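I opened the notebook to record what I looked up in this structure. The entries follow the order in which I checked things.

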Amino acid sequence: LFITSAAQTVTAGAVSSAVTVQAQDMYGNLASSSAVVSLTSTSSTMKFDTSATGAFNGTVTSITLSGGTGSFYFKDTTAGSYTITISATGLTSASQTETITAASATKLVITSPAQTVAAGNASSAVTVQAQDTYGNLASSSAVVSLTSTSSTMRFDTSATGAFNGTITSITLSGGNGSFYFKDTTAGSVTITISAAGLTSAT
């Protein structure tokens, strides 16, 4: 078996172009075959279909060659590089690595756990990501506003910063960012991060 189409880079949630397959003889010639070709991927979230407008619901796991040729499409929601393997009984299998990239950022997420900090002490870093609708890190340089339900909480971009109230936002780089907080009033406090065009997080 041979994958005759080029490796693809596809946005998360989008459908690939057709992946074309051939059965070939030992010299690389197209060989007539009606083999049932199994489709597998190293991504647990990748789905296949025989049409670009298919359901991609996991029910298509193979194609049947006609005259030695066939094609299929794939869709994935998890960013990364994944290997697709095609195999059939009695034929040498073939593999190709496809790349899934994040879709556009739709939401902000605080990726670090909640913290318990003594009054007057600086927190550990609070890490922030812009993510697409599927939870992939999405490239973004958004300006993220920082607010708190505590009137005495202050933010900074460094654990050794002044925490004097002048820092009220951070700018993401590549979709990532971080900040620190300090408060002098005991209690449970909610921090909210927000940016234009993105769903906020607390």
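Before anything else I noted what a strand is here: a DSSP run of type E with at least two residues, numbered from the N terminus. I also noted that the model is predicted.

**Entry 1**

I looked up the largest pocket and found about 500 Å³ of space in it. Its lining has 25 residues, and the closest to the centre are Gln115, Met153, Phe181, Val189 and Ile191. I sorted the lining by class and got 13 nonpolar, 10 polar and two charged residues.

**Entry 2: the open sheet**

Next I looked up a sheet of five strands. This sheet is open, and its order is β2-β9-β8-β4-β6. The pairing is mixed. At the edges I found β2 (9-11) and β6 (62-64), each of which pairs on one side only. I also looked up how neighbouring strands of this sheet are turned against each other, and the average is 30 degrees with direction ignored.

I reminded myself that strands of a sheet pair through backbone hydrogen bonds, either parallel or antiparallel. So I went through some of the pairs to see which sense each one has.

- I found β2 and strand β9 (residues 91-101) paired in the parallel sense over three bridges. Thr9 has Thr99 in β9 as its bridge partner.
- I found strand β4 (residues 36-41) joined to β6 by three bridges, and the two run antiparallel. Opposite Val37 stands Ile63 in β6.
- I found β4 joined to strand β8 (residues 80-88) as well, by four bridges, again antiparallel. The bridge partner of Ser41 is Ile84 in β8.

**Entry 3: one serine in a loop**

Last I looked up Ser150, which sits in the loop between β12 (143-148) and β13 (154-156). Is Ser150 buried or exposed? Its relative accessibility is 12%. The cut-off for buried is under 20%, so Ser150 counts as buried. I then checked the side chain of Ser150 for a partner, and found a polar contact of 2.6 Å with the side chain of Asp183.

Definitions and conventions
Residues are numbered from 1 along each chain as its sequence is written. This is a predicted model: local features need pLDDT of at least 70, side-chain atom pairs count only at pLDDT 80 or more; totals for chains, interfaces and linings use all residues. Side-chain values use heavy atoms; hydrogens and water are left out. On a 1 Å grid over the protein atoms alone, a cavity is a set of points where a 1.4 Å probe fits but cannot get out, and a pocket is an open set with protein on both sides within 12 Å along at least five of seven lines; lining residues have an atom within 4 Å of a point. Grid points are joined across faces, edges and corners, and a volume is the space filled by probe spheres set on the points. Ala, Val, Leu, Ile, Met, Phe, Trp, Tyr, Cys and Pro count as nonpolar, Asp, Glu, Lys and Arg as charged, and the others, Gly among them, as polar. Two strands pair if DSSP finds at least two bridges between them. Axes are lines fitted to C-alpha atoms, for helices over the stretch in contact, and angles run from 0 to 180 degrees between N-to-C directions. Buried means under 20% relative accessible area, exposed over 50%, partly exposed in between (1.4 Å probe, protein chains only). A polar contact is a pair of N or O atoms within 3.5 Å; within protein, one must be able to donate a hydrogen and the other to accept it, and residues adjacent in sequence count only if both atoms are side-chain atoms.
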